[in-house]
Amino acid sequence: MTETTTRHGADAATGRPWLDASLPVEERVELLLSAMTVEEKAGLFFHTMMAIGDLEEANPAFSLPSARELVDGRHMTHFNLLGAAPTGRDIARWHNALQEMAASTRLGIPVTLSTDPRHSFSDNPGAAIMAGPFSQWPETMGLAAIGDEALVERFADIARQEYTAVGLRVALHPQVDLATEPRWARQTATFGEDAELAGRMGAAYIRGFQGEAFGVGSVSTMTKHFPGGGPQKDGEDPHFSYGREQVYPGGMFEHHLKPFEAAFEAGTRQIMPYYGMPLGTEYEEVGFGFNKSVITGLLRERYGFDGLVCTDWGLISDAELFGTPFPARAWGVEHLTPSERIVKILDAGADQFGGETCVDLLVDLVAAGDVAEERLDVSARRILREKFVLGLFEDPFVDEDAADQIVGRADFRAAGEAAQRAAIAVLENDGTLPVAGGRRLYVEGIDAEIAARYGTVVDTPHEADVAVLRLHAPFEQRESMFENFFHAGSLAFPDDVVTHVREVARAVPTVVDVLLDRPAILTPFVGEVAALTANWGANGAALLDVLTGAAQARGRLPFDLPRSMTAVEQSRPDVPFDTADPLFRFGHGLEVPGA
């Protein structure tokens with residue numbers, strides 16, 4: 001992309017002085033700001049989704065206009081990339097085309113591309129993306145189960161290299177909320193229930209993504225969800241109106257700030273407040289993105305945070321997702337108009353509106369005198385400063401050949417698979433583990449071709465020496481497609497699943513492995529099965545490597561595992577380790593002999 005870089009350099013001497021890299025960043029920010037219209041400033045405030053595809057076509061799944069309309073028409077320059085592509089080159093090529101479009105605008109402000117986590121096994125368009133061509137690791141909670149700061153920093157450094165290779169420069173993570181409500185749908189992307197562990201792991205994660213010195217090779221981390229999204233009433237998520245309330249019956253609001261304090265010390269550049277509205281605290285009972293007492297009073301003034309604050313997605317406008325009406329998450333301010341919500345968010349101290357495209361409303365507010373242009377300038381300075389420090393104005397493009405070599409590189413994949421194995425936690429073992437090679441195996445939830453590498457795969461439990469059953473932590477089906485991406489409700493396994501597991505276990509020594517994206521109630525299986533393991537994202541080979549002793553399970557529970565749903569329902573959502581008589585405690589994990 002030498003030609004474009006040279007053109008940018010020439011522009012510095014012919015009407016675009018902010019492109020002069022020899023000037024201090026603050027001076028360059030002021031030079032650009034002085035050249036911007038209100039419309040161009042307003043465009044900086046909107047950080048919405050964009051999918052890989054034709055830049056001229058709209059995205060009906062998320063009711064989004066085309067990239068051309070967003071970049072050219074609405075002057076937007078911040079986009080959260082949805083979906084994946086088969087190769088790093090495909091993503092890089094699309095990214096470069098988008099940057100070419102941005103370079104052709106009047107001021108040539110480069111695009112900042114962000115992403116939700118995309119290195120593990122989750123596929124939720126509201127929270128995470130499948131790894132696709134990237135190296136594949138356990139979920140964040142699996143990294144917490146390993147508990148090794150050096151490993152977390154190594155993961156984040158690898159992810160940084162893969163992100164920057166395709167033009168991703170903002171991580172909409174880490175998520176350092178404390179998983180104190182066992183039913184909460186968002187906890188798999190956290191570091192678990194313990195504040196000290198979450199703080200240490202979160203800081204290592206930030207260091208790995210941002211690098212030793214923040215700049216050209218960095219990925220900016222948007223730590224979330226301030227001031228802690230874990231204490232959800234009944235564990236329901238505030239993406240939805242029935243989950244809008246955060247409650248603190250144990251008086252532990254301050255406790256949930258501890259991991260953020262570690263993130264500030266590690267130098268996180270950006271912060272995302274959560275959707276939820278706090279009840280029964282000293283803070284205003286409105287969603288955190290609207291909450292001046294939290295964003296200005298707590299974040300800006302108490303903690304002195306001067307980085308970029310971006311709201312969670314969709315606080316202003318009603319939308320339609322996958323054909324279902326989806327109201328704005330304007331909890332506590334539902335009565336306000338979209339324009340009034342914008343004013344309240346800006347007054348609260350935020351800089352960007354996540355998931356929104358209504359630039360015209362902000363322009364109209366400035367024209368009407370309801371928002372001062374000087375207020376736009378305060379946030380615009382933070383936003384532009386980030387672009388300059390990341391080096392986007394010098395060269396916003398990426399090397400497509402290098403992207404293909406870096407994304408999913410063999411050693412990166414190997415490191416991810418090693419972490420998958422290490423994160424597995426052995427919860428119970430009657431001596432069946434490790435399973436000797438060459439045994440007759442009955443498997444469910446594992447590809448038979450993979451299992452055949454470890455023994456002879458048979459068709460029924462009665463023919464087997466050992467059975468391996470893989471389960472997913474239970475969740476309740478909800479009405480809409482989007483809701484069902486968020487696993488919520490009871491943590492108890494249905495009777496038919498329990499009956500089936502027990503039938504297999506009576507026929508043959510049985511290993512049950514559970515994907516614990518939430519802390520499932522495993523009580524019905526304890527004492528009934530030969531061995532019980534937990535994972536937070538592990539392919540079939542990784543699991544079988546551990547079960548056969550070819551690899552060592554290092555995982556330790558990053559939360560308590562409740563004994564019953566009664567204990568969950570009686571616990572206080574804001575208090576860690578509050579379920580009565582847990583089945584397995586935080587930190588539990590057995591060594592497998594001979595591993």
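Which residue of strand 18 stands opposite V512? In this predicted model, V512 faces L532. The two strands concerned, strand 17 (residues 510-515) and strand 18 (residues 531-535), pair in the parallel sense over five bridges.

Attention now turns to charged side chains. Side chains of opposite charge can pair when their charged atoms come close. Across the whole structure, 41 salt bridges are found. One of them joins D465 and R440, with 2.8 Å between the closest N and O atoms. This pair links distant parts of the chain, 25 residues apart: D465 is located in the loop between strand 15 (455-457) and strand 16 (466-472), and R440 in strand 14 (residues 439-444). D465 is classed as buried because its relative accessibility is 19%, under the 20% limit. R440, at 42%, counts as partly exposed.

A further salt bridge is formed by R382 and D306, whose closest N and O atoms are 3.0 Å apart. Here the partners are separated by 76 residues, R382 lying in helix 13 (residues 373-389) and D306 in the loop between helix 10 and strand 9 (308-309). R382 is buried, with a relative accessibility of 13%, whereas D306 is partly exposed at 42%. Both residues take part in a network of salt bridges that also includes R300, D351 and R385.

The side chains of E254 and R302 likewise meet in a salt bridge, at an N to O distance of 2.8 Å. E254 is placed in the loop between strand 6 (245-247) and helix 9 (258-266), while R302 is part of helix 10 (residues 292-302); the pair thus links distant parts of the chain, 48 residues apart. E254 is partly exposed, with a relative accessible area of 39%, and R302 is also partly exposed, at 42% relative accessibility.

Terms used: Residues numbered from 1 in each chain as written. Predicted model: local features only at pLDDT ≥ 70, side-chain atom pairs only at ≥ 80, totals over all residues. Heavy atoms only, no water. Salt bridge = Lys/Arg side-chain N within 4 Å of Asp/Glu carboxyl O. Helix = DSSP H or I, 4+ residues; strand = E, 2+ residues; numbered from the N terminus. Buried < 20%, exposed > 50% of the residue type's maximum accessible area, 1.4 Å probe, protein only. Pairing = 2+ DSSP bridges.
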